[in-house]
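Colleague: I would like to go through a model with you, feature by feature. Could you show it first?

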Amino acid sequence: MIKKLIPWALFLTGVAMPMPGTAQNGFALKPQTLANPDNEPAEEHPVPSERQMKWQETEFYAFFHYGMNTYTGQEWGYGNEAESTFAPTAAPNPEQWLEAAKAAGMRGGIAVVKHHDGFCLWPTATTTHNVTRGGNDFARNTNIPRDFAAAAKKLGMKYGFYISPWDRNSALYGTDKYVSDVFLRQCAELAQYGTDQFEMWFDGANGGDGYYGGANDRRSIDNTVYYDIPNLRDSVHKVCPDCVMWGVGGEARWIGNEAGWAGETNWSPENRGFAPEKNGMYGSEDGWYWLPGESDAKATNKGWFYHDGESPRTAEQLFTFYLETVGRNATLILNFPPDKSGALPEATVNVMHELGGLLKQRLGRDLAKKAKIEVSEVRTKGKRRSYVPKNMNDGDKDTYWATNDSTRTATVTLTWRKPVNAHYVALQEYIRKGQRIRAFKVETTADGTEWTERAPGVECTTVGYKRIIPLNGSTKEYGDGYAIKGLRITILDSKACPLLHTVSVY
Ligand code: FUL
């Protein structure tokens with residue numbers, strides 16, 4: 001009898017007096033809290049994918065336009081060039097290209113392996129218009145993607161390929177067969193040279209007149225659907241998981257001016273179908289997608305491809321490009337054209353070495369490492385994670401300083417016992433949780449008491465992955481710097497509580 005009564009009694013109690021958190025059918029509901037033992041700030045959407053993070057950290061990389069045009073002097077080959085016209089005067093040497101890029105302070109490179117003329121710089125099964133029918137043994141033995149990937153691996157650099165979707169040689173261009181049997185296959189073929197490609201670059205040229213196997217007509221396509229990009233993207237990611245699909249691939253956006261600068265205000269969020277000519281440089285604060293900007297620019301004064309009589313820009317000009325792109329939350333892909341010998345000309349290599357020297361000398365020694373950092377507020381620490389200010393100068397990109405959730409303004413103050421000579425301050429948000437900062441200001445003090453606002457004329461708005469602020473306001477004049485005992489960053493506005501993983505002073 002008793003045995004039977006107990007469950008009934010419990011059941012009746014439940015019916016008569018429902019307990020908070022107890023369902024009437026007897027199943028207990030646990031209180032609904034999202035466990036956050038580390039008190040981590042919530043993400044401010046959108047946020048980057050793991051592959052976009054790795055891509056962004058590449059920061060500065062080279063573009064190498066080399067191919068049929070190198071031998072015809074054209075920028076856009078028509079597609080009817082005889083294969084024998086491709087005749088390097090020596091064995092093309094991608095290792096020399098990448099060595100120079102490394103000396104210039106770059107972390108990787110992208111080689112054009114097929115431009116709009118359709119000539120492929122590797123022995124492809126998709127077309128006979130390729131190096132195996134080139135004009136001499138140097139041509140016939142070359143394989144640019146193979147040698148480029150091997151050189152990159154040897155030098156510890158990242159690599160990727162530019163492969164033009166538009167093909168002015170192919171008779172099939174404009175049909176579905178071109179997409180499935182030529183273009184997609186060419187992208188797939190490239191994976192045999194390495195699956196750790198960091199970016200695949202598709203230009204925006206989408207049809208027009210061309211040779212097209214002798215038809216010599218005009219073909220237009222709708223680039224929003226023609227190349228079957230979603231399918232291509234998924235297929236590439238399956239074999240090359242870290243490969244960001246640029247442009248129409250939807251994982252990084254074109255900054256759009258090809259002149260080596262990004263907007264001072266530059267959001268990584270953006271909307272699909274954006275107008276690059278309007279938004280490329282700036283992004284959209286309320287964008288729905290993480291679509292960070294990449295700035296492509298020429299380091300020489302003529303075209304993307306090599307032209308007789310060209311000369312490189314000066315290292316100082318290229319340093320300005322760097323400050324105005326990498327220093328404004330974009331990546332910089334800087335183009336250096338190999339010449340007819342398949343190597344970079346000496347003048348180009350010299351400038352690349354000079355540029356590397358400038359970067360090392362001006363941005364190579366972080367004075368913040370020795371500073372004491374104090375902040376107006378520290379976020380309540382979690383079980384294993386704390387948000388202390390020293391996270392900003394510990395050299396670890398995975399630790400960050402944060403305020404509590406409701407805070408939108410804060411100060412970060414660096415002080416040195418002995419004065420240091422400073423030219424730049426660089427800030428890096430912990431973007432894994434979204435881009436947040438909208439406005440800030442920078443002040444310095446020479447004596448520890450009187451503060452002066454710096455960076456005249458600079459829009460101190462967004463930060464993002466990285467923002468480099470010239471204290472004298474100039475990206476062109478290095479100047480003498482300022483002897484300072486303190487530097488203060490005041491965050492004036494932020495979409496959510498600010499998170500910084502690194503503050504550097506140079
Ligand atoms: C553009 C191309 O049309 C140019 O020739 C060059 O390759 C540039 C980087 O991309 O879309």
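Predicted model: local features only at pLDDT ≥ 70, side-chain atom pairs only at ≥ 80, totals over all residues.

Colleague: Which residues are around the ligand?

Modeller: Start with a distance shell: a residue is near a molecule if one of its heavy atoms lies within 4 Å of it. Here the shell takes in Phe-63, His-65, Trp-76, His-115, His-116 and Tyr-162, along with Trp-201, Asp-203, Gly-204, Asp-296 and Trp-304. By class, five of the shell residues are nonpolar, four are polar and two are charged.

Colleague: Which side chain has an N or O atom 3.0 Å from an oxygen atom of the ligand?

Modeller: A polar contact is read from a pair of N or O atoms within 3.5 Å. The side chain of Trp-76 has such an atom 3.0 Å from a ligand oxygen. For His-115, the distance from a side-chain N or O atom to an oxygen of the ligand is 2.9 Å, and for the side chain of Tyr-162 the value is 2.9 Å.

Colleague: How much of the ligand's accessible area does the protein cover?

Modeller: The ligand on its own has 290 Å² of accessible area, and the protein covers 89% of that.

Colleague: At what angle do α4 and α11 pack?

Modeller: For a helix pair, read the angle and the axis separation together. Helix α4, residues 94-103, packs against helix α11, residues 346-363, at about 30°, and the axes are 7 Å apart. Angles under 35 degrees count as roughly parallel, so α4 and α11 are roughly parallel to each other. From α4, the contact uses Gln-96, Trp-97, Ala-100, Ala-101 and Ala-103; from α11, Val-349, Met-352, His-353 and Gly-356. Six residues of this contact are nonpolar, three are polar and none is charged.

Colleague: Which residues does Val-375 contact, leaving aside its neighbours within four places in sequence?

Modeller: Val-375 lies in strand β13, residues 372-375. Its contacts beyond those neighbours are Pro-389, Met-392, Trp-401, Thr-411 and Val-412. Pro-389 is 14 residues away from Val-375 in sequence, with a C-alpha to C-alpha distance of 6.5 Å.

Colleague: Is the peptide bond from His-45 to Pro-46 cis or trans?

Modeller: Check omega: the bond is cis, with omega near 0°. Pro-46 sits in the loop between α1 (2-16) and α2 (50-58).

Methods:
Residues numbered from 1 in each chain as written. Heavy atoms only, no water. Polar contact = N/O pair within 3.5 Å; in protein donor to acceptor, adjacent residues only side chain to side chain. Areas by Shrake-Rupley, 256 points an atom, 1.4 Å probe, with all protein chains shown as cover. Nonpolar A, V, L, I, M, F, W, Y, C, P; charged D, E, K, R; others polar. Axes fitted to C-alpha atoms, helices over the stretch in contact; angles between N-to-C directions. Helix = DSSP H or I, 4+ residues; strand = E, 2+ residues; numbered from the N terminus. Parallel < 35°, antiparallel > 145°, perpendicular 65-115°, else oblique. Contact = heavy atoms within 4.5 Å.
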